[in-house]
Amino acid sequence: MNLKRLILVCSLLIGYQITNAQEVCPIIPQPVKFAKTDGSFVLTQHSPIVAEAELLRPVAHYLQQELLKEQGLPLSVYSASKESGVKLVLTSKKNSDKYSLKINSKGVVIRASDDEDALYGIVYL
């Protein structure tokens, strides 16, 4: 009888973990805020990497090299584009968040107060 209860409890715990696994943020270390939304964005060879500020261009080129090396995607870096892709935006230094990462059907936007924080956003992308 005790073995049956143990199996039942273990089954319930595993079922609970599987059910709630989708609610866990897949980023380590955990961000201050995390909100899962509907939608996704798929990078293609035509997706641009946009670095609006000159300060963020080296970070954009780093992302370009990593995507080519790891995914075989030959993306181009631009200072502006109307196409959906990865956009790096420089924010004011007054922003309390180090960086923000937003992914939706329109693309990826990483907002950061400097190039180092933008790099963190790219790493967690």
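Let's start with aromatic rings: in this predicted model, the count comes to 1 aromatic pair. The two partners are Tyr99 and Tyr124, whose ring centres are 6.2 Å apart. A pair of aromatic rings is described by the distance of the centres and the angle of the planes. Here the planes meet at 15°, so the pair is stacked, because planes under 30 degrees apart count that way.

Where do Tyr99 and Tyr124 lie? Tyr99 belongs to strand 4, which covers residues 99-104, while Tyr124 belongs to helix 3, which covers residues 115-124. The two tyrosines are 25 residues apart in sequence, so their pairing ties together separate parts of the chain. Tyr99 has a relative accessible area of 21%, which makes Tyr99 partly exposed. Tyr124, with a relative accessible area of 26%, is partly exposed as well.

Now step back to see the whole chain. Of its 125 residues, 26% count as buried. Take the contacts between residues at least 6 apart in sequence: 52% of them join residues at least 24 apart.

You will find Gly85 in the loop between strand 2 (77-78) and strand 3 (86-90). Is Gly85 buried or exposed? Its relative accessible area is 8%, so Gly85 is buried, since the cut-off for buried is under 20%. Leaving aside residues up to four places away in sequence, Gly85 touches Phe41, Ser47, Pro48, Lys106, Gly107 and Val108. Another residue to look for is Thr44: although Thr44 and Gly85 are 41 residues apart along the chain, their C-alpha atoms are separated by 8.6 Å.

Finally, let's move to the outside. The accessible surface of the protein comes to about 9,300 Å², and 56% of this surface belongs to carbon and sulfur atoms. Which residues form a nonpolar patch on the surface? They are Tyr62, Leu119 and Val123, and together they have about 250 Å² of accessible area. With 35% relative accessibility, Tyr62 counts as partly exposed.

Terms used:
Residues numbered from 1 in each chain as written. Predicted model: local features only at pLDDT ≥ 70, side-chain atom pairs only at ≥ 80, totals over all residues. Heavy atoms only, no water. Phe/Tyr/Trp six-rings, centres within 6.5 Å; stacked < 30°, edge-to-face > 60°. Helix = DSSP H or I, 4+ residues; strand = E, 2+ residues; numbered from the N terminus. Buried < 20%, exposed > 50% of the residue type's maximum accessible area, 1.4 Å probe, protein only. Contact = heavy atoms within 4.5 Å. Patch = residues over 30% accessible without salt bridge, like charges linked within 9 Å, V, L, I, M, F, W, Y side chains within 5 Å. Areas by Shrake-Rupley, 256 points an atom, 1.4 Å probe, with all protein chains shown as cover. Salt bridge = Lys/Arg side-chain N within 4 Å of Asp/Glu carboxyl O.
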